[in-house]
Amino acid sequence: QKNPGPIREYWARRLVENGRYENIYTLGMRGKDDEPMKFSGTTKEKISLMEQIFADQRVLLAQHVNPDPARVPQVFIPYTEVLGIYDSGLNVPSDVTICWPDDNFGYIRRLPTAAEQTRSGGSGVYYHIQWLNGATTAYTWLSTTPPALIWEEMNKAWQYGAKNLWVLNVGDIKPGEIGTEFFLDLAWDPQRYRHDNVRDFLVHWAARDLDPRFADEIAGIMEQYYRL
């Protein structure tokens, strides 16, 4: 809104440096430090500015990556307040993948409508098993998202056609190894697990990483841990 020139120059410089690599480019803009974009004006004006940002970024992609930006992998992630902007009428280019976010606690906020499922860019999911917000709701040192919840939400996403790109926010890898592995197993084979065999993952994990003699008991302890 106030400083577009240097921002475009920064984006262009990054494309010159990295445009020859295999990338997925994130479109749009938010504020610094994971805050909402600073803006003075109405929601309609904010939508107009965001659409101009899309246009500017795609011009730069055409200049520095591929003359046809529709052939460049791009994603739009309507995270937190951005989803409200999108639902208020923001127009996302049809070839851009929309990654639907969860609520930071493992529950996907919304999935594509029937009309959105026909977009050429398709849909994906941006999912958390760790969240740091500086307040009492942050969870960075305990991995508390049950595999059963991950399965329920990602299976729902799969059924709704959100399958182009799954992104997992792990934060520090400790202590999210179990959740990360389960999420990646689902991404590799989304139909491997059902509501009645999700527990098998914990049994297999316990047998492999701890002790096969006590795998079933350890899985039960982990189920109780997630429940609590």
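The legends below describe close-up views of a predicted model.

**Figure 1. Overview of the protein and its elements.**
The protein contains seven helices and five strands. Read from the N terminus, the elements follow the order α-β-α-β-α-β-β-α-β-α-α-α. A box of roughly 65 × 35 × 35 Å, taken along the principal axes, holds the C-alpha atoms. Of the 228 residues, 43% are buried. Among contacts between residues at least 6 apart in sequence, 62% link residues at least 24 apart.

**Figure 2. The largest nonpolar core.**
In soluble globular proteins, nonpolar side chains tend to be buried together. The largest nonpolar core of this model comprises 52 residues. Leu90, Tyr127 and Met154 have the most contacts inside this core. Helix H2, residues 43–64, gives the most to the core, with six residues. Which residues does Met154 touch, not counting residues up to four places away in sequence? Met154 touches Ile108, Val125, Tyr127, Trp166, Phe183 and Leu186. Another core, of seven residues, lies apart from the largest one. Tyr126, Trp131, Tyr139 and Leu165 are among the residues of this other core.

**Figure 3. Packing of helix H1 against helix H2.**
Two packed helices are described by the angle between their axes and the distance between the axes. For helix H1 (residues 4–18) and H2, the angle is about 35° and the axes are 10 Å apart. The crossing of this pair, H1 and H2, is right-handed. On the H1 side, the contact is made by Arg8, Trp11, Ala12, Leu15 and Val16. On the H2 side, Ile53, Asp56, Gln57, Leu60, Leu61 and His64 take part. By class, the contact of H1 with H2 has seven nonpolar, two polar and two charged residues.

**Figure 4. Packing of helix H5 against helix H6.**
Helix H5 spans residues 177–188 and helix H6 spans residues 199–209. The two helices pack at an angle of about 125°, and their axes are 12 Å apart. H5 and H6 are therefore oblique to each other. Their crossing is right-handed. H5 brings Ile178, Glu181, Phe182 and Asp185 to the contact, and H6 brings Phe201, Leu202, Trp205 and Arg208. The residues of the contact of H5 with H6 comprise five nonpolar, no polar and three charged.

**Figure 5. Packing of helix H6 against helix H7.**
Helix H7 covers residues 215–227, and the axes of H6 and H7 come within 8 Å. The axes cross at roughly 125°, so H6 and H7 are oblique to each other. The crossing of H6 and H7 is right-handed. From H6, the residues that meet H7 are Arg199, Leu202, Val203, Trp205, Ala206 and Ala207. From H7, they are Ala215, Asp216, Ile218, Ala219, Gly220, Met222, Glu223 and Tyr226. The residues of the contact of H6 with H7 divide by class into ten nonpolar, one polar and three charged.

**Figure 6. Surroundings of Arg110.**
Arg110 sits in the loop between strand E3 (97–101) and strand E4 (123–128). Leaving aside neighbours within four places in sequence, Arg110 is in contact with Leu83, Tyr86, Asp87, Trp100, Pro101 and Glu116. For Arg110 and Leu83, the separation is 27 residues in sequence and 9.2 Å in space, C-alpha to C-alpha.

Most residues other than glycine have a negative phi, and most peptide bonds are trans. The peptide bond from Lys174 to Pro175 is cis, with omega near 0°. Pro175 belongs to the loop between strand E5 (165–169) and H5. Asp33 has a positive phi, near 55°. Its place is in the loop between strand E1 (25–26) and H2. Asn104 also has a positive phi, near 80°, and lies in the loop between E3 and E4. Is Asn104 buried or exposed? Because its relative accessibility is 7%, Asn104 counts as buried. Asp33 counts as exposed because its relative accessibility is 60%.

Notes. Residues numbered from 1 in each chain as written. Predicted model: local features only at pLDDT ≥ 70, side-chain atom pairs only at ≥ 80, totals over all residues. Heavy atoms only, no water. Axes fitted to C-alpha atoms, helices over the stretch in contact; angles between N-to-C directions. Helix = DSSP H or I, 4+ residues; strand = E, 2+ residues; numbered from the N terminus. Parallel < 35°, antiparallel > 145°, perpendicular 65-115°, else oblique. Left-handed = near helix turned anticlockwise from the far one by under 90°. Contact = heavy atoms within 4.5 Å. Nonpolar A, V, L, I, M, F, W, Y, C, P; charged D, E, K, R; others polar. Core = buried A, V, L, I, M, F, W, Y, C linked by side-chain atoms within 4.5 Å. Buried < 20%, exposed > 50% of the residue type's maximum accessible area, 1.4 Å probe, protein only.
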